[in-house]
Amino acid sequence: TQFGIIKSRLMMSRVATALEMEAMDEPTESPPVVLETAMDRALRFVGLMPNPAPGPEMRAHYSSSAIAGAVSVARSSGQESSNLITISATWPDPDGAARVANAVASNYIELLFEKDLDHALKSQRFLTERLASLREEIRVAEEEYQLYLEQEDILSPTTGPGEVDTE
């Protein structure tokens, strides 16, 4: 289903990559929120991982697993027969939540477009090959038709408007 596609690893990986690229373009005046996985928190808790020292050089880290845990998808309420869905995200800050939800929606639309384009290109290839095949069949049939007309000494309908077959 479409919900499965949205929550898939492929989609979450695409979203994480897009958000990482977006974060690289952000100004470094204020440090972005650094997200950590449950494993990071556990390692930090037992002292096997140091606490990060936030600074302007730090960038947001969007892992696909963190995004997958933050994103929820639901059919729009009251619209059972509709294809509208609601994508929401729970994030440490509201701007980050909006960024994640919008990135999921944008990447979902891009993925659908890519799939449609791929399908259209495959259809075009098939139809182009089929057209060439049909043209060849028509050429062979026309040659056989002309050969038959010549063998039976029949005037071709393309010999001219005023000519009459007198046989």
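This is a dialogue on how to read a predicted model of one protein chain.

Trainee: What should I know before reading any values?

Mentor: The model is predicted, so local features need pLDDT of at least 70 and side-chain atom pairs count only at pLDDT 80 or more, while totals for chains, interfaces and linings use all residues. Residues are numbered from 1 along each chain as its sequence is written, and side-chain values use heavy atoms, with hydrogens and water left out.

Trainee: What is pLDDT, and where in this chain is confidence lowest and highest?

Mentor: pLDDT is the predictor's confidence in each residue, from 0 to 100. The protein chain has a mean pLDDT of 76, and 65% of its residues reach 70 or more. Confidence is lowest in helix 3 (residues 38-45), with a mean of 64, and highest in helix 5, with 92. Over residues 27-32 the pLDDT stays under 50, and the model has 8 contacts for them beyond four places in sequence. Residues 53-60 are also below 50, with 17 contacts beyond near neighbours in sequence. A contact means heavy atoms within 4.5 Å. Where pLDDT is low, the predicted coordinates should not be read in detail.

Trainee: How many helices and strands does the chain have?

Mentor: Helices (H or I, at least four residues) and strands (E, at least two) are DSSP runs, numbered from the N terminus. Here there are 5 helices and 2 strands. Along the sequence their pattern is α-α-α-α-β-β-α. Among contacts between residues at least 6 apart in sequence, 62% join residues at least 24 apart.

Trainee: What does buried mean, and what share of the residues is buried?

Mentor: Buried means under 20% relative accessible area, exposed over 50%, and partly exposed in between (1.4 Å probe, protein chains only). Of the 167 residues in the protein chain, 22% are buried.

Trainee: Which residues of the largest nonpolar core touch the most other members?

Mentor: In soluble globular proteins, nonpolar side chains tend to be buried together. A nonpolar core is a set of buried Ala, Val, Leu, Ile, Met, Phe, Trp, Tyr and Cys residues joined through side-chain atoms within 4.5 Å. The largest one here has 20 residues, and Val 15, Ile 67, Val 71, Val 100 and Val 104 touch the most other members. At least two residues each come from helix 2 (9-25), helix 4 (64-70), strand 1 (71-75), strand 2 (85-89) and helix 5 (94-151). Helix 5 gives the largest share, 7 residues. Leaving out residues up to four places away in sequence, Val 71 touches Lys 7, Ile 87, Ser 88, Ala 89, Val 100 and Val 104.

Trainee: What is a salt bridge, and how many does the structure hold?

Mentor: A salt bridge is a side-chain nitrogen of Lys or Arg within 4 Å of a carboxyl oxygen of Asp or Glu. The structure holds 6. One of them joins the side chains of Arg 14 and Glu 110 (3.6 Å, N to O). This pair links distant parts of the chain, with Arg 14 in helix 2 and Glu 110 in helix 5, 96 residues apart. Arg 14 counts as buried at 19% relative accessibility, whereas Glu 110 is partly exposed at 40%.

Trainee: Where do Lys 122 and Asp 118 lie?

Mentor: Both lie in helix 5, 4 residues apart, about one turn of the helix. Lys 122 is partly exposed, with a relative accessible area of 48%, and Asp 118 is partly exposed at 38%. Arg 139 forms another salt bridge with Glu 143, the closest N and O atoms being 2.3 Å apart. Arg 139 and Glu 143 are 4 residues apart in helix 5, so about one helical turn separates them. Salt bridges that share partners also join Arg 14, Glu 110 and Glu 114 into one network.

Trainee: Is Asn 107 buried or exposed?

Mentor: Asn 107 is found in helix 5 and is buried, with a relative accessible area of 7%. Its side chain reaches the backbone oxygen of Ala 103 at 2.8 Å. Not counting residues up to four places away in sequence, Asn 107 touches Met 11, Arg 14, Val 15 and Ala 18.

Definitions and conventions
Polar contact = N/O pair within 3.5 Å; in protein donor to acceptor, adjacent residues only side chain to side chain.
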